Amino acid sequence: MRIVKKILKLVFLLAIAIVLLGVSFTFLYGEKIEQIILSKIREKSEAEIKVKEVNFSVFENFPYASIKLTDVLIMEKLPNINDSLLYAKQVYLQFNIFNLLSENQEISKVVLLNSKLNIKYDMNGNPNFKIFKPPKEKEKKVKINQIYFNDSKISYIHQLKNIDIKGEPHNVLVDFEEYKQTDFSVNGDFFMQNLVVGETDYIYKKECKIDAGFSVSDEVFYIKNSALFIEDVQFSLAGEIEGKNVNLDISAENQKVKSVLSHMPKKFKSVYSSFTADGDLSCKGIIKGKISKTSNPHFNMDFAVTNGDFKLKENPFHLSALQLSGNIGNGSSNNFENTLIKAKKCSAKTGNGTFSGAFQVQNLNNYYLSADINSNLDLAEVNHLFKSTPFSNMKGTLVGNTKYNGRLAFSKKMKGYFL
């Protein structure tokens, strides 16, 4: 019992000593540290920086000492433009107190609360964020280990490449590697307002998550094996982006077809507007080439669907227990017209009947179908597929092999194409 009392007494005395030391340090050096930090920031910057209030604290973000900046406004650096690069209601600079007193210029963590970051490139490719003066010879650079965004907004606009990205990080942590700050990871969740490349908005008003690694080298942006979430869809991404050229590997495992279709860009929704589909989708593919207003990158992907379900909206045609594997690519011209979807293996149920075989669809602007299908159909079910035929009340089983080459439609037009 005496040992426990001695330990508690020691802990209590140690806590009091830390508090007294922190209070004393703040009282003696707090104001001086505030002035040093603010003067160093302004000294290294070529842009206008406004700060309403600066406060030093040993305890607010313990075990780190911190500088709290209130109502921070940093103006961008672009000719003939006077807009904000960053506004933050509160900014915390967290650091080891001994690093501050030494020549080791290291910030452990930068915390941005209720901030707005606007990154821009003009038509000549000039960025608005190069606001800091180049370091003098043998001068040590300020090292930042982590940046944390909370309830913030980030905008990225590249006028020359026609890119417009706007997101709202709820909780996002950027973690830089210790010895190579051009390598970093990003982890957290955010709301994507838009992701526009050229004339296509690829992600519009979706809740997203990211667990990704990146590396920047000269003009090349490397994406390490990364997991991205758009609402309830997860996929993996890796590769590199250099200027307008992309070289990306993309894959997904057991994702719901219905969810994938619902998150597709509006540009592609006309492709599947006449039917509904669901099932488990796994895929692996590449996106490679130049992205611009006049060209699309090459796209090629192997895919497999299990436990699928397919229904036409204008017809009672329904496939269940769909199993499908194949490939999709956008051809040598990288467009809808040259897109080819190949289903090498396909099987499904139609109530009491079955389908199996292979098919391919060409030209997503004007569908053309080539199919070789083996069927075993209940004629009583076939009655319901056609509103007007010379047959009625058919019974029995239809076993057949159908070869078809011609136009395809998921509407009343198909009758004419078939005939």
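**A walk through the model**

Tutor: Let us begin with N128, which is buried, with a relative accessible area of 0%; buried means under 20% relative accessible area, exposed over 50%, and partly exposed in between, with a 1.4 Å probe and protein chains only. Please keep in mind that this is a predicted model, in which local features need pLDDT of at least 70, side-chain atom pairs count only at pLDDT 80 or more, and totals for chains, interfaces and linings use all residues. Residues are numbered from 1 along each chain as its sequence is written, and side-chain values use heavy atoms, with hydrogens and water left out.

Student: OK, and where is N128 found?

Tutor: N128 is in the loop between β5 (109-121) and β6 (143-144); helices (H or I, at least four residues) and strands (E, at least two) are DSSP runs, numbered from the N terminus.

Student: Which backbone atoms lie by the polar atoms of its side chain, that is, the side chain of N128?

Tutor: The backbone oxygen of N118 lies 2.9 Å from a polar atom of the N128 side chain, and the backbone nitrogen of K120 lies 3.0 Å from a polar atom of that side chain. A polar contact is a pair of N or O atoms within 3.5 Å; within protein, one must be able to donate a hydrogen and the other to accept it, and residues adjacent in sequence count only if both atoms are side-chain atoms.

Student: Let's zoom out. How many helices and strands are there in the protein chain?

Tutor: The protein chain has five helices and 22 strands, and of its 419 residues 38% count as buried.

Student: And which residues have the most contacts inside the largest nonpolar core?

Tutor: They are L69, V91 and L112, in a core of 73 residues. A nonpolar core here is a set of buried Ala, Val, Leu, Ile, Met, Phe, Trp, Tyr and Cys residues joined through side-chain atoms within 4.5 Å. Strand β3 (residues 84-95) gives the most to this core, with six residues.

Student: Is β3 enclosed or exposed, and why?

Tutor: Nine of the twelve residues of β3 are buried, so β3 is largely enclosed by the rest of the structure. Eight bridges join β3 to β5, and the two run antiparallel, with A88 having S115 in β5 as its bridge partner; two strands pair if DSSP finds at least two bridges between them.

Student: Back to L69, what is it in contact with?

Tutor: Leaving aside its neighbours within four places in sequence, L69 is in contact with V51, E53, V54, K89, Q90, V91 and L93, where contact means heavy atoms within 4.5 Å.

Student: New topic: how many aromatic pairs does the count come to?

Tutor: The count comes to five aromatic pairs. Rings of Phe, Tyr and Trp (its six-membered ring) pair if their centres lie within 6.5 Å; planes under 30 degrees apart count as stacked, over 60 as edge-to-face and the rest as tilted. One of the pairs is F184 with F214, which is tilted, at 5.6 Å centre to centre and 35° between the planes. This pair links distant parts of the chain, with F184 in strand β10 (residues 183-197) and F214 in strand β12 (residues 206-217), 30 residues apart.

Student: Which residues do ring pairs link into a cluster?

Tutor: F176, F184, F214 and F221 are linked into a cluster by ring pairs.
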